[in-house]
Each structure stands twice: as structure tokens, then as C-alpha cells.
There are 2 protein chains.
Amino acid sequence: MYSDEIQALFKGKGISIGDRIALSLGRVRLEGELMPKANIGSPRTIVIKLDDGYNIGVKHGEGLRLERVATGTHNIASFPKVRLAHDGKLPRVTLVYTGGTIGSRVDYETGGVSMLLKPEELLYNVPEIQDVADVYVDMLMSTASEDLSYHEWRKIAEGVARAFEAGSRGVVVTIGTDTMHYTAAALSFMLQGLAGPVVLTGAQRSSDRGSSDGFMNLVCATNVAAKSDIAEVCLSMHNKSSDEECALIRGTRARKMHTSRRDAFRSINDRPIAMISRAGAIAYTNDYRHADGGRFSLRTGFEPKVALVKVYPNSDPSIIDFYMDKGFKGLIIEGTGLGHAPVSTKHEEFQWLPHIKAALDRGLAVGMTSQCLYGRVHPNVYKNLRLLSNLGVVYCEDMMPEVAQIKLSWLLGNYDKDEAKSMLNRNLVGEISSRSRFNEYMV
Amino acid sequence: MYSDEIQALFKGKGISIGDRIALSLGRVRLEGELMPKANIGSPRTIVIKLDDGYNIGVKHGEGLRLERVATGTHNIASFPKVRLAHDGKLPRVTLVYTGGTIGSRVDYETGGVSMLLKPEELLYNVPEIQDVADVYVDMLMSTASEDLSYHEWRKIAEGVARAFEAGSRGVVVTIGTDTMHYTAAALSFMLQGLAGPVVLTGAQRSSDRGSSDGFMNLVCATNVAAKSDIAEVCLSMHNKSSDEECALIRGTRARKMHTSRRDAFRSINDRPIAMISRAGAIAYTNDYRHADGGRFSLRTGFEPKVALVKVYPNSDPSIIDFYMDKGFKGLIIEGTGLGHAPVSTKHEEFQWLPHIKAALDRGLAVGMTSQCLYGRVHPNVYKNLRLLSNLGVVYCEDMMPEVAQIKLSWLLGNYDKDEAKSMLNRNLVGEISSRSRFNEYMV
């Protein structure tokens, strides 16, 4: 909130939040839209959004002149009244807050990034979601997504389960984007037999930037949580670089494919489940699991001693010995092509076969995936692949390497080893499909 | 070649290679195009191409009936006379053969895959390339691409250098597809100041399958080698799943993105250099290095003790200690997002910072890339990234992880450590661009 002094100043000049105003100090003149003031920084700092989309904060003081250029007619809502009043008329949706860019704002005084202080702040820029859902906010944690581990995944899974128990029809999880797809895969296995949608969303750009994608992502995610009969863990992020629609991607099929674009997340080896328009209309584009009244299961067991091991030219296969020595229980190999590793090279130092065999002899579960990401591993095309398959390496079909690693960790944390091995290349929650759809390549 | 007996049989029935024929034995009837017979298998086995594109071999014997259904009017050449006569009128192109699917044929009797026996066999199905170039074949090795290491890369680089010395204007390297992009990147660094094009090509499907992509890939590659003024290492593979055109991709920008599609190779973070039509017409789509009469350098030094280390949730950072203990000289981290690793987690076992710091203190060169593949790492967006950058981690811009690993190996094999570190994120051969072209995402 702006200070009383600043609010009086606005009032005196007939300026409202959202108006186009000019700030002048000497010969410097800045023009932009007057923004609402969040609970960070000085209440005397006036924040305007410049035409290039960036916000800038100017501390009110001697010599600063202020004038209204035009009345606001645009999208920026006047300081929204965050209701959270729970009148029970709209479908109940819980927003589980975990941290990440979507919950951060640049502090215009220090230039640093601050986390939101109150749940209401998440909703400042998206008042419209309260016309769709009766939103409850669960401030579960505030953790950067690169720091999330299975300990946090468990807490999130439990938070989601609690939200459904408390009567939510759907849950939105706001989370950092770096590892959002890993969390989505982990939750897909941990939360089975869901009664409604669990939608992860976040932002590639922080919420103070005009180009932030977080607002629309949150609107789309909330619409799915409030209205859809999907009963799976999904991820809702921009489908294009423009603010047109979000793609709803199955939790076990999503991958972050770009460091910074808003449409960074892609559905690999499967179609997105739906497209969600900016206005919240859901158009289904794939099959999905409906709530079927079946038993909900929350299985949060997790064996962290499962490694992802990438094969590449000149790679040192004794990495497998390292993991064996550390007591690892499983390995997912990111092979080349259809699932290859060097097994017939004449250079002993690059020969993977004896190391893989040793791991299998020691009882580790070993799965094969492809670093190509798209397509399917296949043990019967080349002789070298048959060698590995005959030893007992499990070929993981069209499952992504990262998903296979999480799945094996989850399986070994909840089932005995033989069961885990036999389930690794069997589809549980949409992570494997029996037939590839070739038209879904690189889109 | 078919046996004299079989050839006489064809002659008696007026059947020529390429005709549509029917083979009947009892009630079984097979119809397809009569194929030329390569130098493998029995000369009494008649090979026809079925309508689904697969070849099948039927041993001639009692009861087998043979009839011509239609005269051949299609693409399959009658058994081509492989000239290799070197009349010197066409531009000289050396085809360096290294193995891989493009040089394999299914043996229709055993079902196994055999390697070609003679260089001429590579050209059986593509006689047209001899109208474009005076082709020399160098049967350098026959190695599956997953087994290629820097030892073989050196031999290939030396083979290419020899070919230019001997007067070739361009070189085609036929190679397995699994690690073709790794070899292309290695050759890009090893061979600098080239006088002409070096084009890697191969096949996703073996040459006996109707759907083999190897023929067109070889035609396109040879056209580039014979006609283009590109003086870089590139890779020429299908640009679409149909036989329309090949994309010529810069050696440091290519990645195999699909296990089995013909258009598996994509240009990441950069446009392809050119499109090459089936007829060999070259349309340039990006800048490229022209032969400038500069000094050619063949630098094949290579430090194999450089690892690619992927960061993912629950990943064990002591992997870095393992590489330090083994005397590794460099590490390329595949970070999340803009180049993150867990550095502020409260779970010590997943805390990467002290391990990365130890590696830097020990004098290892450490580079940061993004597992997203697309986009650019950036050390100044988030606090966690600044931490790593301040320690001395080199942020590798928009270079792919696999390319950065090869580049660092090559740098440490040819330059002293400080020089190597300073060159890691400086563009040498097109592996880094200063500005990202966003419209080239996922196409």
C-alpha cells in the first residue's frame, strides 16, 4: 500500500491506480502506468510500468512532479480487493505455494528479488481467478526449485492430499520452473487415484515484469482445477510465446526445453492433455484419467540412491562402480540412439559392458532410456542392444530419462526390488505409451 | 551378383532388375520389385522389395515360380556400374567410410546385419552421385558409432586432412547416427581453417529398407562436398520425415533428438546452414565460413578426463569428488534452467556448492550449461547463479552441454589450463552465438 501521504497526493491530482502518469524530476521525465504497491519496499516509492514492460520505482521527494496523462483503460486492475472470503458458492480450489519466480517480485529500491509476504499478494494481479474458484492458499514453503528434493516432494504431496481431504475439488501448486517437470513426475507417482486435477504452474519471468507469464499461467491452472474432470497431475504453462493459451501437459511427459522462453515446457512423446485459453476455456487434445471414485493412494516412499548415468563418447564407465560403492540401488542409463552404450569398443577404458554387468550381478535395477528424448528405446534392432537386454537391463520404452529415474526411485521406495524392476517399463500413470505418435515430434 | 543360373532364368522370362515380379511357391505369392543383388548372401537368393518397403530374399529352388508383372519404371536403378574411374572432369570428393547403419545391409538369409564388403557397395543405390563428383572412397574403419572415442575421431580428422591434401575439394564422412553429432563437434574443433566442406552423413534405417534415408542423405552430402564453398564441418541429414530435403547443420549445433525418425537431427540454438533438395540444389539459410585461404590447422590433442555432470533433484554431488579423485581436469555441468545447481538447500547431501568449490580450488575447469538444451545460461539473474559464477564457474552461453564437454576436452588437450578456461565461453567455430534467435525453437 502507498503511504497516506502518497495516497492523498494521488487523490489531489485525480490519479487512480492504472492511470497513465508522468513523473518528472528536473529534465528527466518518465511516463507509464501507475501500479498498485505490494507490501515490499517503502510505501513512499511510486511504481510505474514503463512502455517496455518494466516496472520502475521512484521515491517521492522534493522536486518530483506528478501528473496524470490519461485515465487507465487497460488490463491492470486497480488495487484488487483480495477476498478469500470463502462464501462457498464457487468450486473450492487450494493454491499450494512452494516458492519460485511466480512468487517473487523485484524490490525496486534494492534491485534484489523478494518473496511475497502474504498469500494475497499472489492474487493481486489475477483478481479474475476469484470469479472462477473459491481460493484457499496454503503457504507450504518458499524454496527455489533447484533446491527441491524428495523431502519437499513429500510435503507437497501431503499438502495436496490435505487439500482434497478438506474439500477442494482441485489443487494448484505454484512452483519454480527449473525442476517443475521433475516434481510433476514425482507427484504423478506419489498421488494415484486422485479425485480431481492437480495442476503445477509457475512463471519464467517475475511478476513485476510486463512480460510475466505467471498471471495467465495461474488463471489457466485455476480454471482447470475449478472446472475440469481431469484426475491427474499436470502442468499448465504457456503454449506459445504470446499470451494466447496454456498447454496442459501430463506430469510424466513434460520437460523444460528452453532456459527462458515462456513456452519452455513441451510435452515429449505424447500430446498435451488440453489447451486452455486466456479466458479459461478448456479444449481437450488427448485422453486423460477421469475421477472414477477409485481409492486414492498417497505413497511417498522414495529411494534417493538411484542415479541417472549418461553415456557419451569417452565417458568413463567406472562411474557405475562409484555408485555401487556408495550403495546405490538403481541406475537409469541415458544411452545414445535406440538405447546404446559402448559394449564392443576395443578401448577398455570406454567399455561399459563389464560395469553394467557388475551392477546387475550386484542386484541393482538398471534401466535404459535414450538421451534423444524423443522416440523409444528398442533392444532388438542391433546386436549391441540385445547384449544389454539379455543381461537384464530394462528397456524403458518411450519414457524420458528423468522420469525413469524418478519412477525407479519411487518404485524402490515403495515395493520390493523384483516388483520394482517388473513395474519399471509398465505404464502406471501415462509415463509410457504403447504406440508412438510421430506427429508430436518437436512441437 | 545373381548366379549365372538365376541370370539366365531372368533372361528367359524377359525380367530385368527393377521390374515388378511375382514369386510363387504353392499357395504363397509375393509380389515386388526385383532388386539388384549385393555381394552378400547366396547368389541364388532372389531379392524383391515388397510394397511396404521391406526387402525379402527367397532362395531359388524346386517349385518356385517366377513371372514378370510389370516393367520397371521407377527409381530403382538397374545394377549400377560403379565407375570410380577418376577421369578428373568432376570435382574430387573423398568419401571417408567409418561404419554405421548407412554401411550395413540385412542379410536376407540370416536376418543379421552385415557390413559392406567393398567401397563400391556404398554407391550401388546412389549412382547419381557419380554425375556430381569424382568419388574416391577411403575405407577408414568399420565401427559402430556408440563405440567411437577420441582415438577414432583423431583418425577421422587425419583421414579428412589427407583427403584435402590429395586434392579433394570436399569430404563426405559416412558414420553411424548415434554419436554423429558428437563426432561433428569434435571434428569442428580439430579441423580449423578448412579449404572446403566436410559433411557427415549416415542413415537411420539400413539401406535394404525401402524407407532408408541413407541414399538421399548421401546424395545431398556429396552435392555439398562437390559444389559448396562452405568451409566448415557440417552434418547433412533429412529435414523432414519425407524424402524432400536434407538440412545441413553446423557441426557444433546438431543434436540427435529422436531415436528413429529420419529427421532426427535438429539444429539447436542456431539455424541450419542450408537446405539441400533431393536433386542436390543448395539453398543457404544461415551465415557460414567460406574458404578464405587461411592456414589449415589439424589439432587432435584431446584430454579425455573431462566429464559431463548432470544436476537433477536428489542428485549426489559427491560425483564431483569421484572425478577429482580420478584426476579429472574439467567438468561441464548440465544445470537446470538458466544454469542452476542446488546451492541453498538445507539438505546437506544434496548441496552442490562445496563440491563445486573444491573442484575449482583443485584447479579443475568447470563450465555451466543447461539441460534445457535450448536457450542460454545466465549467471546474473538469480542469486544462486551469481554464487557459482563468483567462484569461477564458466557460464557457457548458448552452447549445448555435449558440445561444451567436447570443447573443454579439446581445449585442455591443446592449450594450457588458463588459456583453455578463457576460451571455453568464447566462440571458436560457431558453437556460441552472441544473440539468440528465438524463432528457431523446437523446429
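**Helix crossing, sheet and chain contact in a predicted model**

Q: In which hand does H4(A) pass H9(A)?
A: This is a predicted model. H4(A) and H9(A) cross, and the crossing is right-handed. Their axes come within 9 Å and cross at roughly 35 degrees. The hand of the crossing is right-handed.

Q: Which residues of H9(A) make the contact with H4(A)?
A: H4(A) brings A:Tyr182, A:Ala185, A:Ala186, A:Phe189 and A:Met190. By class, the residues of this contact are 8 nonpolar, no polar and 2 charged. From H9(A) come A:Glu402, A:Val403, A:Ile406, A:Lys407 and A:Trp410.

Q: Why is helix H4 of chain A described as largely enclosed by the rest of the structure?
A: A residue is buried if 20 or more other C-beta atoms lie within 10 Å of its own. The buried residues of H4(A) include A:His181, A:Thr183 and A:Ser188. Helix H4 of chain A, residues 180–190, is largely enclosed because its buried residues number 11 of the 11.

Q: Which strands are the edge strands of the open sheet of 8 strands in chain B?
A: The order is S9-S6-S10-S12-S13-S14-S17-S18 in chain B, with mixed pairing. An edge strand here pairs on one side only. The edge strands of chain B are S9 (134–139) and S18 (282–284).

Q: By how many degrees are neighbouring strands of this sheet turned against each other on average?
A: The sheet of chain B is open and has 8 strands. Direction is ignored for this angle.

Q: Which residue in S18(B) stands opposite B:Ala274?
A: Strand S17 of chain B covers residues 274–277. S17 pairs with S18(B) in the antiparallel sense, over 3 bridges. Opposite B:Ala274 stands B:Tyr284.

Q: What angle does helix H5 of chain B make with S10(B)?
A: Helix H5 of chain B spans residues 214–227. H5 lies across S6, S10, S12, S13, S14, S17 and S18 of chain B. Its angle to S10(B) is about 160 degrees.

Q: How many nonpolar residues does the side of chain B that touches chain A have?
A: In the contact of the two chains, 53 residues of chain B meet 53 residues of chain A. Helix H3 (150–165), strand S20 (306–310) and helix H9 (401–414) of chain B each supply at least two residues of that side. The side of chain B also has 19 polar and 10 charged residues; its nonpolar residues number 24.

Definitions and conventions:
Residues numbered from 1 in each chain as written. Chains lettered and ligands numbered in written order. Predicted model: local features only at pLDDT ≥ 70, side-chain atom pairs only at ≥ 80, totals over all residues. Pairing = 2+ DSSP bridges. Helix = DSSP H or I, 4+ residues; strand = E, 2+ residues; numbered from the N terminus. Axes fitted to C-alpha atoms, helices over the stretch in contact; angles between N-to-C directions. Contact = placed C-beta atoms within 7 Å. Buried ≥ 20, exposed ≤ 12 C-beta atoms within 10 Å, placed from the backbone. Nonpolar A, V, L, I, M, F, W, Y, C, P; charged D, E, K, R; others polar. Left-handed = near helix turned anticlockwise from the far one by under 90°.
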